[in-house]
Amino acid sequence: MKKIKNRAYFSMLIALGLVFGLCIFAIRLYANGKDWAMLRANSSVYDEGVLDTGTIVDRNGVVLAHADAGVFSYADDETVRKSCFHIVGDYTGNVGTGAISVFSSKLAGYDFIDGVASISGKGGKVKLSVDSSLNAIAYKALAGRKGAVLVSNYKTGEILCMVSTPSYDPNNPPDISTPAYEGVYMNRCLGATYTPGSVFKLITLSAAIENIPDLYTRTFTCAGGVSLGSDFVKCTGVHGQQTIEQALANSCNSAFSEISQELGADTIFNYADKYGFLKSLSVSGIDTTAGNIEKGEAGTSNLSWMGIGQYNDLISPIAMLRFVSAIANDGVANEPVILKNSHSASTRLMETDTAQKVQELMAYNVAYAYGQGNFPNLKICAKTGTAELGDGTSNAWFVGYLDDSEYPLAFTVVVERGGGGLANAGPVANAVLQAAVADS
Ligand SMILES: [Zn+2]
């Protein structure tokens, strides 16, 4: 009898052990199943290390990439292929931040119950927020120059246009060893940082609005530059007496030198940090490259140039897009996303009152200095930047948004070594925005 009792206990222990083991396995499957299914050794998902399933479409359903049973294809249109190269990525895996790599488990159709859908014969579909026809227009407008173009809806965070150049046709990869293809695998919108030049004045201005009480009643005088000890901060003109509105529209270095010295390096640095310029952001799970700012010493031209967007300032195009989106949206940034209908978190970057004051000045820039005629029928508010690179060339920047409830679009354009911001980046922004308001 005792023997039987012992056996019963022993059997129960074994049964309990099995149940316990099953529980552990179920938990691990739930936690790690996606990773296991997406291991490159899984031949039902990968063909010799290449993701072999799934379809990527743009916001209008245009197919941008498709893989099935060893056959890989991209968009039908050559310009669409080139302009979407970085956001889509390539099946050879050269573009690490492309949708093919980043959303591989979605493309494989992975879910917890069925595992990878290609086993049941249906790959997953990823719908991007971009409009591939806008990408094509931006690509053409860059006309062979290197740079980055971003347009988003500042009410939803959806990125409608994301183009990085140089690029190439993934159906016909060129010899990339020439300088024309320098950094061709990098999505400059997310991964590059640039000297911002005068677009940085929007950051310094926002800090000034909150920290200099008499900003709006003060007169800023420009005699062509400012002497600081033995240094000279040169202005691009001789602007005479100006209000803060005029100083921003003139992009006056004398005025912004005065403001920068008064704010101090810590304050400017802290505002740039608060606005997200100095940290890595996440765009639908893709980590972006953080910018960097070095503080100039009080009383030196380095501090002035720091607040003017020169010195050692470096920022990414995506951080600038997020910042102007927040200005347009009364201080709240809807975080940029590249997946259609994905949830966009929102972050307050600045007080409503500050945002509205910057809005007024950005509208004034266009009316007073840039010329509404350069942007027909667009309710555009903007800031230019001509960022000197120290070798006689400059990056052309044009950033801003449409003050238009029907077309709540924010934009950032950078043309590397493109020359003046208004003359060179302005027309790129105009071309894309005209198309965006025409067909949406
Ligand atoms: Zn000036």
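Because the model is predicted, local features need pLDDT of at least 70 and side-chain atom pairs count only at pLDDT 80 or more, while totals for chains, interfaces and linings use all residues; side-chain values use heavy atoms, with hydrogens and water left out.

**Stop 1: the sheet.** Colour the strands E8, E7, E19, E18 and E17, and you will see an open, antiparallel sheet in that order. Strands (E, at least two residues) and helices (H or I, at least four) are DSSP runs numbered from the N terminus, and two strands pair if DSSP finds at least two bridges between them. Strand E8 (159-165) and E17 each have a single partner, so one side of each is left without a neighbour in the sheet.

Now zoom in on E18 (residues 394-402) and E19 (residues 409-415), which pair over 6 bridges. Select Gly400 to find its bridge partner in E19, Phe411.

**Stop 2: helices on the sheet.** Show helix H6 (residues 132-142), which touches E7, E8 and E19 (contact means heavy atoms within 4.5 Å). Its direction makes about 35 degrees with that of E8; axes are lines fitted to C-alpha atoms, for helices over the stretch in contact, and angles run from 0 to 180 degrees between N-to-C directions. Next comes H14, lying across E17 and E18 at about 75 degrees to E17.

**Stop 3: the largest pocket.** On a 1 Å grid over the protein atoms alone, a pocket is an open set of points with protein on both sides within 12 Å along at least five of seven lines; a cavity is a set where a 1.4 Å probe fits but cannot get out, and lining residues have an atom within 4 Å of a point. The largest pocket has a volume of about 390 Å³, volume being the space filled by probe spheres set on the points, which are joined across faces, edges and corners. Select Ser198, Thr236, Ser251, Asn253 and Thr386, the closest to its centre of 22 lining residues. E17 gives the largest share of this lining, 4 residues.

Stop 4: The largest, about 50 Å³, has Leu64, Tyr74 and Phe85 among its lining residues. Helices H2 (78-83) and H3 (85-88) each give two or more residues to that lining. Finish at the second largest cavity, with about 30 Å³ of space, where H13 gives the largest share of the lining, 3 residues.

Key: Residues numbered from 1 in each chain as written.
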